[in-house]
Amino acid sequence: MLRRVTCAMGLAVCGYLLYLTEYVGICLGHCNPLNYSLGLAWFLSGLILRGRILKIWALAGILGIVYFVMRELFEGFCLYCTLIHIIALTSIIGSKRDWK
């Protein structure tokens, strides 16, 4: 249940940031719409997937978070990206019960 709620929150935040950068033209953080699109795909798949495939989903999420945090260390921090990373970690922790 926690995974689904946090994935829905992640979808909302990533969708909002994608809207701001693509259609409104406001630059937030790293200003790469592809990052937000990848986030949307990851959170959407987190809502759909079940069973053992969740372990691969969680591993992909952890690797993605590590990559983007390392990138933020060199390019500067983005509050919205940090919020998305926290939501993703919460989703991964919440999915641990579904790994049966």
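## Cysteines

Cys 7 has 0% relative accessibility and therefore counts as buried, a class that covers residues under 20% relative accessible area, with exposed meaning over 50% and partly exposed lying in between (1.4 Å probe, protein chains only). Cys 81, at 10% relative accessibility, also counts as buried.

The structure contains zero disulfides, a disulfide being a pair of cysteine sulfur atoms within 2.5 Å. The cysteine sulfur closest to that of Cys 7 belongs to Cys 14 and is 10 Å away, which is too far for a bond.

## Basis of the model

The model is predicted: local features need pLDDT of at least 70 and side-chain atom pairs count only at pLDDT 80 or more, whereas totals for chains, interfaces and linings use all residues. Residues are numbered from 1 along each chain as its sequence is written, and side-chain values use heavy atoms, leaving out hydrogens and water.

## Fold and dimensions

Four helices and zero strands make up the elements of the chain; these are DSSP runs, with H or I over at least four residues for helices and E over at least two for strands, numbered from the N terminus. The radius of gyration of the chain is 13 Å, close to the 13 Å that the globule rule gives for 100 residues, so the chain is as compact as a globular protein of that length. This radius is taken over C-alpha atoms, and the rule is 2.2 Å times the number of residues to the power 0.38.

Along the principal axes, the C-alpha atoms fill a box of roughly 40 × 25 × 15 Å. Of the 100 residues, 36% count as buried.
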